[in-house]
Amino acid sequence: MTETPPTYLETLYPAWGQQFVMDEVLFEVNTGHQHLVIFKNEQWGRVMALDGVIQTTEKDEFIYHEMMTHVPMLAHGDAKKVLIIGGGDGGILREVLKHETVESVTQVEIDQQVIDMCVQYLPNHSAGAFSNPKATIVIADGVDFVNACTETFDVIISDSTDPIGPGEVLFTSRFYQGIQRCLNVGGVFVAQNGVSFLQTDEVKTTFNRLSPLFRETTFYAAAVPTYVGGIMTFAWATDNLALKEVDVAVLEARFRQQKLKTRFYTPSLHQGSFALPQYILDVLKNG
């Protein structure tokens, strides 16, 4: 008699969720910061979850990582110094380093074990990026780092978990104040902001906390299949009002100049991602 494989039930929402068959558990540990598990699934390949929440899968990670990276990078057009907060799986670092104009990338991750396990069990996410000489990896709390850092950056990307557990502090005013002090003039900050239909309060809270600090605070969006419940929103904060309005022809030229090869991102999709549904616009209007 064939045994039924175990399943992983995501617990992000109390009354609804998604379930994965765990064909094989590759690694499971309590890191001291969070519960981490990496398992195989026939549909999604290798899957990583932290504290009951799906973080990334081999099958669809490229959508999230390309949109988190290439939208701010190509909107800026000349980012030489980049800061990544979180992102222990290495996907954002991999995409940032595809930009030939980048001179240095600093990545701040609170949990070394997340990096180690992802390099071992999700190697295609980082694709060797952690060994790139342009990359500096700092194991530290992201909030403390941005409030003590003496460097400034052209683009800052916050690739955090949801605002529970260790990721909660990366949605606070103190964190955003630190981001503001670390951002170069004309720079841009982006951050994952959850699935907006189910996590509308996160959109509102982020908007209210970022708005006093930057001339422009808004969001752009993409649909990532394993982040179920509709579109995922990405916070966008900058003092440079021109960045969101870059013409698609300019984006296309920058895309070609950087010799990028993508599986999801296109310049037209970039421009269209800032078109938001009315329920989000209402939140921003009434924030």
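These legends describe close-up views of one predicted model.

The model is predicted, so local features need pLDDT of at least 70 and side-chain atom pairs count only at pLDDT 80 or more, while totals for chains, interfaces and linings use all residues. Residues are numbered from 1 along each chain as its sequence is written, and side-chain values use heavy atoms, with hydrogens and water left out.

**View 1. A salt-bridge network links Glu61, Arg94, Glu95 and Lys98.**
A salt bridge is a side-chain nitrogen of Lys or Arg within 4 Å of a carboxyl oxygen of Asp or Glu. Side chains of opposite charge can pair when their charged atoms come close. Arg94 pairs with Glu95, with the closest N and O atoms 2.8 Å apart. Lys98 also meets Glu95 in a salt bridge, at 2.9 Å from N to O. Glu95 is buried at 1% relative accessibility. Arg94 is buried too, at 11%. Lys98 is partly exposed, at 31%. The cut-offs are under 20% relative accessible area for buried, over 50% for exposed, and in between for partly exposed (1.4 Å probe, protein chains only).

**View 2. Lys40 and Glu24 form a salt bridge.**
The model has 8 salt bridges by this rule. In the bridge shown here, the closest N and O atoms are 3.6 Å apart. This pair links distant parts of the chain, 16 residues apart. Lys40 sits in strand E4 (residues 35-41), and Glu24 sits in strand E3 (residues 24-30). Strands (E, at least two residues) and helices (H or I, at least four) are DSSP runs, numbered from the N terminus. Lys40 is partly exposed, at 31% relative accessibility. Glu24 is partly exposed as well, at 38%.

**View 3. Trp16, Phe197 and Leu198 make a nonpolar surface patch.**
The patch covers about 330 Å². Patches are made of residues with over 30% relative accessible area and no salt bridge; like charges are joined within 9 Å, and nonpolar side chains (Val, Leu, Ile, Met, Phe, Trp, Tyr) within 5 Å. Accessible areas come from the Shrake-Rupley method with a 1.4 Å probe, and for residues only the protein chains shown count as cover. Trp16 lies in the loop between strand E1 (7-9) and strand E2 (19-21). Trp16 is partly exposed, with a relative accessible area of 45%.

**View 4. Asp51 and Ala127 have positive phi angles.**
Asp51 is not a glycine, yet its phi is about 50 degrees. Asp51 lies in the loop between strand E5 (45-50) and strand E6 (53-57). This residue is partly exposed, at 34% relative accessibility. Ala127 is not a glycine either, and its phi is about 45 degrees. Ala127 is in the loop between helix H4 (123-126) and strand E9 (135-139). Ala127 is exposed, at 56%.

**View 5. The second largest cavity has a volume of about 40 Å³.**
A cavity is a set of points, on a 1 Å grid over the protein atoms alone, where a 1.4 Å probe fits but cannot get out; lining residues have an atom within 4 Å of a point. Grid points are joined across faces, edges and corners, and a volume is the space filled by probe spheres set on the points. The model has 2 cavities of 30 Å³ or more.

Technical notes. On a 1 Å grid over the protein atoms alone, a cavity is a set of points where a 1.4 Å probe fits but cannot get out, and a pocket is an open set with protein on both sides within 12 Å along at least five of seven lines; lining residues have an atom within 4 Å of a point.
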